[in-house]
Structures are given as structure tokens and as C-alpha cells.
Amino acid sequence: MPHVIWDETEQTYDGCGKCLLGVRRLSRVKAATSSPERQMEDILAAAKAVGGHIIGWADDWEVSGATDPMTRPKLGPWLRDERGPYDGLVAAAVDRLGRNVVDCLNTGYKMRGEKKMLVT
């Protein structure tokens, strides 16, 4: 996958209350796809629009949308509080969080219960 270039919207965790984790997912990675770059651009724009910044990326490549977000290889450890502090998630679209309504709602309820942001 392409190397992410850090800009003013990407910073380390600083406790400002808007330190967001960028969530990207693709079921199948193909050489011709531009989806990772498009997702990154959308995520950076969404984070900036809410006054936040990206502190890291949960890039789940070759992971089906049917996989429970809690068990995804890169996103799961963040959701299980194994990776450090963050103030919310930002994804390019709701379907990048989960394929079905239950997974998306469970993730949303988790964020709300922990008073974290969820931005798409």
C-alpha cells in the first residue's frame, strides 16, 4: 500500500480532544485501485472539517467488510484499547467501518459510550 505522507492534518496524540484514528479498509487490493488514496484524502478532509487531526491509521487491507470491527487486524486493537489513547474514528464512508448495520451501530454505540467522535 502507498506510504502515507504526513501533513498538518496528521500529528501525534496531544490530548486536544480531537486526536482521531483514520480507518481505511479494502476487501481486495489491486494494483490499479486508487481507493486507498481516495480514502486517505476523504479522511484528512473530514478530520480537518471537524477541527481534528489524524494520529494514526488503521489500514485493514484484504479484510472483508463482513469482519467484525473488533476483530479486524489493525482497527480491532484500537477498539479494544490495546494501542493507546485516541479521541475518535474517522472513515471515508460508513461502509469502511463495517458492512452491516449491526457492526456500524455497535461501533457507533462504543464511540458514544466512551464519549469519542465518529466522523464519516
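Student: Which side chain does K116 meet in a salt bridge, and what is the N to O distance?

Tutor: The side chain of K116 meets that of E114 in a salt bridge, at 3.2 Å from N to O. A salt bridge here is a side-chain nitrogen of Lys or Arg within 4 Å of a carboxyl oxygen of Asp or Glu.

Two remarks on the basis of these values come first. The model is predicted, so that local features need pLDDT of at least 70 and side-chain atom pairs count only at pLDDT 80 or more, while totals for chains, interfaces and linings use all residues. Residues are numbered from 1 along each chain as its sequence is written, and side-chain values use heavy atoms, with hydrogens and water left out.

E114 also forms a salt bridge with K110, and there the closest N and O atoms are 2.4 Å apart. Together with D81, the residues K110, E114 and K116 are linked in a network of salt bridges.

Buried means under 20% relative accessible area, exposed means over 50%, and partly exposed lies in between, with a 1.4 Å probe and protein chains only. K116 counts as buried because its relative accessibility is 18%, and K110 is buried as well, with a relative accessible area of 19%. E114, at 30% relative accessibility, counts as partly exposed. D81 is also partly exposed, its relative accessible area being 48%.

D81 is placed in the loop between α2 and β3 (88-91); helices (H or I, at least four residues) and strands (E, at least two) are DSSP runs, numbered from the N terminus. E62 is another residue other than glycine with a positive phi, near 65°. The loop that holds E62 runs between β2 (53-61) and α2 (75-79).

Helix α3 (residues 101-113) contains Y109. With 47% relative accessibility, Y109 counts as partly exposed. V101, L105 and Y109 form a nonpolar patch on the surface, with about 310 Å² of accessible area together. Patches are made of residues with over 30% relative accessible area and no salt bridge, where like charges are joined within 9 Å and nonpolar side chains (Val, Leu, Ile, Met, Phe, Trp, Tyr) within 5 Å. The areas come from the Shrake-Rupley method with a 1.4 Å probe, and for residues only the protein chains shown count as cover.

D103 is found in helix α3 too, but D103 is buried, with a relative accessible area of 10%. Leaving aside residues up to four places away in sequence, D103 touches A66, T67, D68, P69 and G98, a contact being heavy atoms within 4.5 Å. S64 and D103 are 39 residues apart in sequence, and their C-alpha atoms are 13 Å apart in space.

By the salt-bridge rule, the count comes to 7. One of these pairs is D59 with R24, whose closest N and O atoms are 2.8 Å apart. This pair links distant parts of the chain, D59 in strand β2 and R24 in strand β1, 35 residues apart. R24 is buried, with a relative accessible area of 1%, and D59, at 17% relative accessibility, counts as buried.

Apart from residues up to four places away in sequence, Q39 touches V23, R24, R25, L26, A92 and R96. Q39 is placed in helix α1 (residues 35-49) and is buried, with a relative accessible area of 4%.

The cysteines complete the account. A disulfide is a covalent bond between the sulfur atoms of two cysteines. With a disulfide taken as a pair of cysteine sulfur atoms within 2.5 Å, a search of the whole structure finds 0. C19 is in no disulfide, and the nearest cysteine sulfur, that of C16, lies 3.8 Å away. C19 is buried, at a relative accessible area of 0%, and C104 is buried, at 15%.
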